[in-house]
Amino acid sequence: MHTRPHVPASVRAARISTAEALAFFGLAPGSLLADAALLVVSELMTNAVRHAAPHSPSATVTVAMGAGQLVVAVGDQAPRTIEMAEPCVGGGLCTVAELTACFDGEVSVKPALWERGKTVVARFRLSGRR
């Protein structure tokens, strides 16, 4: 888990730390899944920088692997909620939904563990791919 300030340079920093986490989990750099996960982190962090910055000083990026899935999440403290019920909610989230669907996964939005905010969670099913 890494916390990044809401500044444009944090998108690249989040991508680098995610690449390191994926390598730690044994996911081959340049594999379809690794590239998809990196693009998802970039999209989610970009959204946080663009939309949450006035209300939240930072975003938290989490990468976890287990139970047959890779989970990438970005959370912030901005009060703005996101509805994932619609087929496509904006360019970045559309891309995230499409990428997770390619790996039989899904995207969801969870209330933050703190007083306010949310966490966007992208799940990729591993199904033997690495």
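View 1. On one side of H1, a helix being a DSSP run of H or I of at least four residues, the residues Ala9, Arg12 and Glu20 are exposed, exposed meaning over 50% relative accessible area and buried under 20% (1.4 Å probe, protein chains only). The buried residues of H1 are Ser10, Val11, Ala14, Ser17, Thr18, Ala21 and Leu22. They cover an arc of only 145° around the axis, taken from the directions from the helix axis to the C-beta atoms, and therefore lie on the same side of H1. The model is predicted, with local features needing pLDDT of at least 70 and side-chain atom pairs pLDDT 80 or more, whereas totals for chains, interfaces and linings use all residues. Residues are numbered from 1 along each chain as its sequence is written, and side-chain values use heavy atoms, without hydrogens and water.

**View 2. The largest nonpolar core.** Of its 32 residues, Leu22, Val40, Met45, Leu70 and Phe124 touch the most other members, a nonpolar core being a set of buried Ala, Val, Leu, Ile, Met, Phe, Trp, Tyr and Cys residues joined through side-chain atoms within 4.5 Å. Helix H2 (32–52) gives the most to this core, with 11 residues.

View 3. Phe124, found in strand S5 (residues 118–125), a strand being a DSSP run of E of at least two residues, is buried, with a relative accessible area of 0%. Beyond its neighbours within four places in sequence, Phe124 is in contact (heavy atoms within 4.5 Å) with residues including Leu33, Val40, Leu70 and Phe103.
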